[in-house]
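This briefing concerns a predicted model. The points below are grouped by topic and may be read alongside the sequence and coordinates.

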Amino acid sequence: MKLLLRIFITAILVLIIARFMKGVVVDKFITAVTVALVLGLLNFFVKPILVLFTLPITFITLGLFMLVINAILILLCDHYVDGFEINSFWTAMLFSVILSLSQSLVYKITGGTK
């Protein structure tokens, strides 16, 4: 039940961010739910591999390279989900930062952990 609530919250946040951010297009609510699911799967399966391979550069940049990894995951999600479009790498990076911050804020307000 908690997982479904998190997917629903992420889908709503994706819709809100896409509504106010230029360069991000989400067709429908079902597309936003699909984006939330795919992002969750990418974060679970692909992100640890990317972090492992980029560990030296992440260490040198004091962790700032994680922003690049998150943007790459957003672009991968754009590639796999029809109806979800991101115009550029920089848009994906800003989208991922806003999504992460808003998820943290909502989870803190609702009493859940991220």
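The lining of the largest pocket draws at least two residues from each of four helices: α1 (2-20), α2 (29-45), α5 and α6 (89-110). Helix α2 is the chief contributor to this lining, with 6 residues. As the model is predicted, the values that follow are computed from its atoms.

**The largest pocket**

- The volume of the largest pocket is about 570 Å³.
- Its lining comprises 20 residues, of which T10, L39, G40, N43 and Q103 are the closest to the pocket centre.
- By residue class, the lining of the largest pocket consists of 10 nonpolar, 7 polar and 3 charged residues.

**Helix α1**

- Helix α1 contains 19 residues, which at 1.5 Å a residue should span 27 Å; the C-alpha atoms at its ends are 27 Å apart, in agreement with that expectation.
- The buried residues in α1 are I7, I9, T10, A11, L13, V14, I17 and A18.
- An α-helix has 3.6 residues a turn, so residues three or four places apart point the same way.
- The packing partners of the buried α1 residues are strand β1 (24-26), helix α2 and helix α6.

**Y107 in helix α6**

- Y107 is located in helix α6.
- Its relative accessible area is 7%, and Y107 is therefore buried, the cut-off being under 20%.
- A polar contact of 3.5 Å links the side chain of Y107 to the side chain of T10.
- Between Y107 and Y80 the separation is 27 residues in sequence and 27 Å in space, taken from C-alpha to C-alpha.

**N70 in helix α5**

- N70 belongs to helix α5, which covers residues 65-80.
- With a relative accessibility of 17%, N70 falls under the 20% cut-off and so counts as buried.
- When residues up to four places away in sequence are set aside, N70 touches K47 and S96.
- With K47, the side chain of N70 forms a side-chain polar contact of 2.9 Å.

Methods: Residues numbered from 1 in each chain as written. Predicted model: local features only at pLDDT ≥ 70, side-chain atom pairs only at ≥ 80, totals over all residues. Heavy atoms only, no water. Buried < 20%, exposed > 50% of the residue type's maximum accessible area, 1.4 Å probe, protein only. Polar contact = N/O pair within 3.5 Å; in protein donor to acceptor, adjacent residues only side chain to side chain. Contact = heavy atoms within 4.5 Å. 1 Å grid on protein atoms, 1.4 Å probe; cavity = no way out; pocket = protein on both sides within 12 Å on 5 of 7 lines; lining within 4 Å. Points joined across faces, edges and corners; volume = space filled by probe spheres on them. Nonpolar A, V, L, I, M, F, W, Y, C, P; charged D, E, K, R; others polar. Expected span 1.5 Å × (residues − 1).
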